[in-house]
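Hello,

Here is the structure I promised to pass on. Please open it alongside this note; my findings follow below.

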Amino acid sequence: MGQAKAWLEIGGRPLLVHVIDRIAPACERIVVAAAPGQRIPELPAGVVRVDDPERLHGRGPLVGVLVGLERLADDGVEIAYLSSCDAVALTTAHVRFMLDRLAGEAEAEGLVPRAAHTLHPLAAALRVGPALARARSMVANDRRRLVELASGWSTIADQELPDPGVLAACNDPEQWLRLRGG
């Protein structure tokens, strides 16, 4: 992409701030996980930054999920939405839908969108306690795949989402331009 995705501009703002703005109306608490010393855009008031512990730095995005879940658990949050900083097409309606749907499934540990046979854990709702326990176990056993965190969670087909476009990938300049409408 030529620069860190969090800093890509959309609507004159960094992409990370764009994502936070989509999540904020649906979530009381927002935690952003970063690498130690990583420069990220200024966070809006009330948004908390947590850093990966130095001893786990470089072991993948699951570590960021782990430290974010730890902070949410410390703050008493029970249900959370998991996103990435490059969720260009994310909508507040999607976040609310996922959280409400999970809240209605008392036995489910999480709810993850599925497109064909692909799970999208970075567009999922989860119960903080069980997800934190699984993330801790995975990190302790050097298992790093986010999709493994979501294994066993309830799934929802992309066609059932308010806007399936929220699952669009933003991994190269062509996808970025397409998502920005360019």
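Which residue forms a salt bridge with Asp 75? The partner is Arg 71, and the closest N and O atoms of the pair are 3.3 Å apart. Before more on that, one caution: this is a predicted model.

**Salt bridges**

The structure holds 10 salt bridges. Three of them are described here, starting with the pair above. Asp 75 is partly exposed, with a relative accessible area of 33%. Arg 71 also counts as partly exposed, at 28%.

Next comes Arg 144, which forms a salt bridge with Asp 142. Their closest N and O atoms are 3.2 Å apart. Arg 144 has a relative accessible area of 39%, so it is partly exposed. Asp 142 has 42% and therefore falls in the partly exposed class too. Elsewhere, salt bridges with shared partners join Arg 29, Arg 71 and Asp 75 into one network.

**A histidine in α1**

Is His 18 buried or exposed? His 18 is buried, because its relative accessibility is 5% and the cut-off for buried is under 20%. The residue belongs to helix α1, which covers residues 15-23. Beyond its neighbours within four places in sequence, His 18 is in contact with Ile 10, Arg 13, Ala 87 and Val 88.

**The chain as a whole**

The chain has 6 helices and 9 strands. Its C-alpha trace spans about 40 × 40 × 30 Å along the principal axes. The radius of gyration is 16 Å. That agrees with a compact globule, because 182 residues packed that way would give a value near 16 Å.

Buried residues account for 42% of the 182. Take the contacts between residues at least 6 apart in sequence: 61% of these join residues at least 24 apart. The accessible surface comes to about 9200 Å², and carbon and sulfur atoms hold 48% of it.

On charge, there are 20 positive and 23 negative side chains. The centres of the two sets lie 3 Å apart.

Best wishes

Notes. Residues numbered from 1 in each chain as written. Predicted model: local features only at pLDDT ≥ 70, side-chain atom pairs only at ≥ 80, totals over all residues. Heavy atoms only, no water. Helix = DSSP H or I, 4+ residues; strand = E, 2+ residues; numbered from the N terminus. Rg over C-alpha atoms; globule rule 2.2 N^0.38 Å. Buried < 20%, exposed > 50% of the residue type's maximum accessible area, 1.4 Å probe, protein only. Contact = heavy atoms within 4.5 Å. Areas by Shrake-Rupley, 256 points an atom, 1.4 Å probe, with all protein chains shown as cover. Lys, Arg positive; Asp, Glu negative; His and termini not counted. Charge placed at Lys NZ, Arg CZ, Asp CG, Glu CD. Salt bridge = Lys/Arg side-chain N within 4 Å of Asp/Glu carboxyl O.
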